[in-house]
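Subject: The structure you were waiting for

Hi there,

My notes on what turned up follow below it.

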Amino acid sequence: MNQTTLSTFVKAMRKQYELTQVELSEKSGVGLRFVRELEQGKPTLRLDKVNQILNLFGHEVGAIPIHRNKEP
């Protein structure tokens, strides 16, 4: 499965839906600064706000398994 960074995914989805950062901010209910920080790849973000944005695109943040050669 092809993995992408959260920032790349959100920016691509925003463009696919032809939204500006301001429009995404308004529709998701998060601040414009948060949208900008997310798209710029800020390493620490509030997950509830990330999910507010992702929910517009039918996604959410969740735990996925990491495949390793050895057991922990």
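Leaving aside neighbours within four places in sequence, which residues is Ile53 in contact with? The list is Val10, Leu24, Ser28, Val30, Phe34, Val35 and Leu38, where contact means heavy atoms within 4.5 Å.

Before the rest, a word on the ground rules. This is a predicted model, so local features need pLDDT of at least 70 and side-chain atom pairs count only at pLDDT 80 or more, while totals for chains, interfaces and linings use all residues. Residues are numbered from 1 along each chain as its sequence is written, and side-chain values use heavy atoms, with hydrogens and water left out.

The overall layout

The protein has four helices and zero strands, and its pattern along the sequence reads α-α-α-α. Helices and strands here are DSSP runs numbered from the N terminus (H or I, at least four residues, for helices; E, at least two, for strands). Of the 72 residues, 26% count as buried; buried means under 20% relative accessible area, exposed over 50%, and partly exposed in between, with a 1.4 Å probe and protein chains only. Taking contacts between residues at least 6 apart in sequence, 44% join residues at least 24 apart.

The core

Ile53 also belongs to the largest nonpolar core, which has 12 residues: Val10, Met13, Leu19, Leu24, Val30, Phe34, Val35, Leu38, Val50, Ile53, Leu54 and Phe57. Helices H1 (6-16), H3 (32-39) and H4 (47-56) are the elements that give two or more residues to this core. By nonpolar core I mean a set of buried Ala, Val, Leu, Ile, Met, Phe, Trp, Tyr and Cys residues joined through side-chain atoms within 4.5 Å. In soluble globular proteins, nonpolar side chains tend to be buried together.

How the helices pack

H3 and H4 pack at about 85°, with axes 11 Å apart, which means that H3 is roughly perpendicular to H4. That label covers angles of 65 to 115 degrees, and the axes are lines fitted to C-alpha atoms, for helices over the stretch in contact, with angles running from 0 to 180 degrees between N-to-C directions. Phe34, Val35 and Leu38 in H3 meet Lys49, Val50 and Ile53 in H4.

H2 and H4 pack at about 100°, with their axes 9 Å apart, so H2 is roughly perpendicular to H4 too. On the H2 side Leu24, Lys27 and Ser28 take part, and they meet Gln52, Ile53 and Leu56 in H4.

Some individual residues

Is Ser28 buried or exposed? Ser28, in helix H2 (residues 21-28), is buried, with a relative accessible area of 9%. Its side chain reaches the backbone oxygen of Ser25 at 3.4 Å. Not counting residues up to four places away in sequence, Ser28 touches Gln52, Ile53 and Leu56.

Glu37 sits in helix H3 and is buried as well, with a relative accessible area of 19%. Leaving aside neighbours within four places in sequence, Glu37 is in contact with Lys42 and Leu45.

Thr5, in the segment before H1, is partly exposed, at 47% relative accessible area. The C-alpha atoms of Thr5 and Gly41 are separated by 8.2 Å, although these residues are 36 apart along the chain.

Happy browsing, and do write back with any thoughts!

Methods. A polar contact is a pair of N or O atoms within 3.5 Å; within protein, one must be able to donate a hydrogen and the other to accept it, and residues adjacent in sequence count only if both atoms are side-chain atoms. Angles under 35 degrees count as roughly parallel, over 145 as roughly antiparallel, 65 to 115 as roughly perpendicular and the rest as oblique.
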